[in-house]
Amino acid sequence: VTRTIAAIAEAGDSALVAAFEERVDPAVNDLAVKLARRLHAARLDGIRDIVPAFHTVTVYFDPLVADRRELRAQLTVPLMSDAAVKPGAHHEILVRYEGEDLGEVARITGLSEQQIVEAHTAGTYRVFMLGFLPGFAYMGTLDPRIAVPRRTAPRTRVPAGAVAIAGQQTGIYPMESPGGWHLIGRTNVRPYDPDRDRPFMFSAGDTVRFAAE
Amino acid sequence: MSFIRVIRPGLQTTVQDAGRWGWQASGVSVAGAMDLCSLRVANALVGNDARAAALEVTLLGPELEFEDDRFVSMTGARFEVSLNGRPVQGPAVAVAAGSRLQFGTRRSGARAYLAIDGGLAVPEVLGSRATHVVSHLGGFAGRALTAGDRLPLGPASGRTASARHVPGLDVSIDPVAGMRGGHGYLRVLPGPHAEWFDSAAIAALAGVRYEVTSQSNRMGYRLEGPAIPWRRDAEVISSGTTIGALQVPRSGQPILLMSDRQTSGGYPIIATVIVADLCVAGQLAPGDSVEFAACTLDEALLAARAQEKSLLAVEREAQS
């Protein structure tokens, strides 16, 4: 059992960053998600936002309302890195693997398109964090055989529902936007839908599997 | 319901409020007014709630036609404004049904706030009416205004213009008044990634002028000036971004993150502008210059408290 305490950095007078070990690792991210949940549950005054990322939690607050000392105390509570966490939600996503960049990824990796699909559907991915666009989830970790760098020329228009990969990560574009990841498929799933009860499908700590439609 | 009609949209006129807080963990940018002080004063002057939505006018203002009688206020950047061709004096004016309000020459500052009694009644998205153009969220159809748009207004309070007292504004809540010739002076606190830089680099930030380049918008300002070197050479893992963060890409030319910033970023942040000086930051335009000075957390909180006190005083006075 290891007890882990976050290091705290000031981000101006209205935010604090609690940082764990600086690496992309599900165990480290687990600590960030856990700390964010704890802080939500503490319901401190003056908190505007709590944002878990790969290895950090950024807390945004009203500097005239929040009690910084109390906040620091809450952020530096030791966490058990092996304790049973309430698992995140699990999602199964159906994908039509007919993305425009499938051929290019095959060329770069030396794999067949079928092998790329098999590699992408074999993994259970963790949602490390959301960012870039409303509902965009950074998921990992990709099979290293299909890890390819971003496109050298980003697209000005990537359609909503595009399933893409870059580096050791994969994700779904929630809306039409510019984008530099390689497009390998499409899904009907909408990570963000303002008319749904829960507008956002993914949260940090969730798990995701993809299946070929 | 009554509307205002957009005759000319101006360069970039958007619906903004105090921002869409609480959704950054889902990747939703905060957005909201770039100069929150001027937004709050504008709302106070027409008797609106501080959270009401107003128009943020950027560099080149719009021309608007009103369908009914409304009391309006204009704060922030100074423009010559006319009502049916006659110059408007002062920050607040009564507009009669059928009138046209026209923004003319800009005198100083980058962004003006036009608040209308009753507020702009565009639908709330995730608890806010702020426009985030990049993700097409909120505001009027998720975009800047275009000619022919009709913006819905909330019910007017019915109070008359003559009943309203326009209080004087001190410099802490009227950022444009404190800026000298397009120069912004911003106090910063070091961090959160101070260890990425030599202490000399942080000290060197003071007393140097950076220019706000043309590659600047509501997401952030790309600055040009002395390069800030990294002390270590490795990637920063993406993490939550804050408004006022001075992030330093490998080129060493810093970027000041503003209201429409993405929720996460992977560049080291050398220093962060204090809350009390964000309103000044919001009034900078391409071609302006900016200077940073380190301060302490106590100084930052003192300044934030003084600013809040002044804002509350204006809100109280405007109500009486």
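How far apart should the ends of helix 5 of chain B lie at 1.5 Å a residue, and does the span agree or disagree? The 23 residues of this helix should span 33 Å, and the end C-alpha atoms are 33 Å apart, which agrees; the expected span is 1.5 Å times one less than the number of residues. Helices (H or I, at least four residues) and strands (E, at least two) are DSSP runs numbered from the N terminus.

This is a predicted model, in which local features need pLDDT of at least 70 and side-chain atom pairs count only at pLDDT 80 or more, while totals for chains, interfaces and linings use all residues. Residues are numbered from 1 along each chain as its sequence is written, chains are lettered from A, and side-chain values use heavy atoms, with hydrogens and water left out.

Contact here means heavy atoms within 4.5 Å.

| Item, chain B with chain A | Value |
|---|---|
| Residues in contact | 40 residues of chain B, 38 residues of chain A |
| Buried area | about 2900 Å² |
| Salt bridges | zero salt bridges |

Buried area is the accessible area (1.4 Å probe) lost on putting two parts together, summed over both, and a salt bridge requires a side-chain nitrogen of Lys or Arg within 4 Å of a carboxyl oxygen of Asp or Glu. Carbon and sulfur atoms give 64% of the buried area.
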